[in-house]
Amino acid sequence: MARISDELPTLVAQEGPLQGQSWMLKTATVIGREMNCDIVIPDRQVSRFHARFSPTPEGTLLEDLASKNGTHCNGNQVVEPVILQDGDVIQVALAQNFLYVSSDATLPLEAVTSHDAHLEVGNLRLKLDKRSHRLWILDKELNPPLSVAQFRLLELLFDRQGRVVSRDELVENVWSDDEAVGVSEQALDALIRRLRDRLAALDPQHNYIVTIRGHGLRLDNPPVD
C-alpha cells in the first residue's frame with residue numbers, strides 16, 4: 001500500500017525540467033546548474049550554486065546561495081535562511097518548482113482515519129492528502145504530482161462535496177488577488193483541461209470534473225463499488 005511519504009524529508013519536483021523526480025534530504029543538498037551539485041537544474045536562469053537544503057535539529061533549513069535570480073518559498077523571496085514546513089512550495093529562479101514533504105507524514109495510507117485534517121479518505125474513488133499535495137484514484141497514486149494551481153482547483157471542488165462552484169470563485173481561490181485580475185476565461189479553461197487530462201491518466205472511464213453550463217463546475221467523486 002502507498003505511503004504518504006518516506007521517513008526522511010523529501011523534495012518533489014513539480015513544474016520544470018525535473019518534474020516527477022524526488023530526493024530524500026539525508027544530508028546538506030545543494031541545488032544549481034553546476035554538474036557537481038546534488039540536484040542539477042539544466043537552465044541558464046539557475047545559478048551555478050543556487051540554493052542549499054540543510055538538516056538541522058529544528059527542521060530542514062533552506063538558504064539562497066546569493067543566486068542571481070533568487071529562490072522563493074511560498075511566493076516569498078528567501079533572503080534569510082528559513083525552516084521549511086510540510087507542504088511548502090520552493091521556486092528556483094523561474095525554472096523549477098519543488099514541493100517539500102516533511103518526515104512526520106509517515107503513516108501508511110490504510111492507517112489514516114477520516115479524522116486526519118490533511119488526508120481525505122473513506123471509500124471515495126479519489127482521495128487527497130492536502131498537506132503533501134498528493135492524490136490517489138482507486139488507490140493508485142498520481143505521479144508526477146499536480147501543479148499548485150491544479151491542486152488548488154481540485155481541492156476547492158473536493159471540499160464542496162459535489163456542489164457547484166462558480167467560475168469566479170474558482171479563479172479567486174486558485175490565483176492570488178493580484179493574479180486573479182488578469183486571468184482570462186481561456187486560462188481557466190486551459191487549467192481545467194490539464195487537470196482533467198491528469199485525472200484521466202489514472203481513471204479514463206470516469207469524468208470527475210463536471211461542467212454545469214451557466215453555473216460552474218462540480219466534482220463527481222462517488223464511492224467505490
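This is a predicted model: local features need pLDDT of at least 70, side-chain atom pairs count only at pLDDT 80 or more; totals for chains, interfaces and linings use all residues.

Q: Which side chain does D139 meet in a salt bridge?
A: That would be K127, at 3.1 Å from N to O. The two come from distant parts of the chain: D139 is in the loop between β14 (134–137) and β15 (140–141), while K127 is in strand β13, 12 residues apart.

Q: And K127, buried or exposed?
A: K127 is buried, since its relative accessible area is 12% and the cut-off for buried is under 20%.

Q: How many salt bridges are there in total?
A: The count comes to 9. One of them joins the side chains of R134 and E141, at 2.4 Å from N to O.

Q: What about burial for that pair, starting with R134?
A: R134 counts as buried, with a relative accessibility of 15%. E141 is at 29%, so E141 counts as partly exposed.

Q: Where do R125 and D203 sit in the chain?
A: R125 is in the loop between β12 (119–120) and β13 (126–129), and D203 is in the loop between α4 (185–200) and β16 (209–212). They are 78 residues apart, yet their side chains meet in a salt bridge at 2.6 Å, N to O. Both R125 and D203 are buried.

Q: Which residues are linked in a network of salt bridges?
A: R167, E185 and D189 are linked that way.

Q: OK, changing topic to the greasy bits. Which residues touch the most other members in the largest nonpolar core?
A: L153, L154 and L199 do, out of the 27 residues in that core. β13, β14, α1, α2 (167–174), α4 and β17 (216–219) each supply at least two residues. The biggest giver is α1, with 6 residues.

Q: What does L153 touch, not counting residues up to four places away in sequence?
A: L170, V174, L188, L191, I192 and L195. There's also another core lying apart from this one, with 20 residues, among them W23, I31, F53 and L62.

Q: Back to α1: how many residues has it got?
A: Helix α1 has 12, covering residues 148–159, and reaches 16 Å from its first C-alpha to its last, close to the 16 Å expected. Its buried residues are V148, Q150, F151, L153, L154, L156, L157 and F158. After α1 comes Q161, which has a positive phi near 50°.

Q: New topic, the open sheet of 6 strands. What's the strand order?
A: The order is β2-β1-β11-β10-β7-β8, and the pairing is antiparallel. The edge strands are β2 (22–24) and β8 (76–77), each pairing on one side only.

Q: Over how many bridges do β7 and β10 pair?
A: Strand β7 (residues 71–73) and strand β10 (residues 89–92) pair over 3 bridges, in the antiparallel sense. T71, for instance, has V92 in β10 as its bridge partner.

Q: Last one: how many aromatic pairs does the structure hold?
A: It holds 1. The rings of W23 and F98 have centres 6.0 Å apart and planes at 65°, so the pair is edge-to-face. W23 lies in strand β2 and F98 in strand β11 (residues 96–101), so the pair ties together parts that are 75 residues apart in sequence.

Q: Are those two buried or exposed?
A: Both W23 and F98 are buried.

Note on methods
Residues are numbered from 1 along each chain as its sequence is written. Side-chain values use heavy atoms; hydrogens and water are left out. Helices (H or I, at least four residues) and strands (E, at least two) are DSSP runs, numbered from the N terminus. The expected span of a helix is 1.5 Å times one less than its number of residues. Buried means under 20% relative accessible area, exposed over 50%, partly exposed in between (1.4 Å probe, protein chains only). Two strands pair if DSSP finds at least two bridges between them. Rings of Phe, Tyr and Trp (its six-membered ring) pair if their centres lie within 6.5 Å; planes under 30 degrees apart count as stacked, over 60 as edge-to-face and the rest as tilted. A salt bridge is a side-chain nitrogen of Lys or Arg within 4 Å of a carboxyl oxygen of Asp or Glu. A nonpolar core is a set of buried Ala, Val, Leu, Ile, Met, Phe, Trp, Tyr and Cys residues joined through side-chain atoms within 4.5 Å. Contact means heavy atoms within 4.5 Å.
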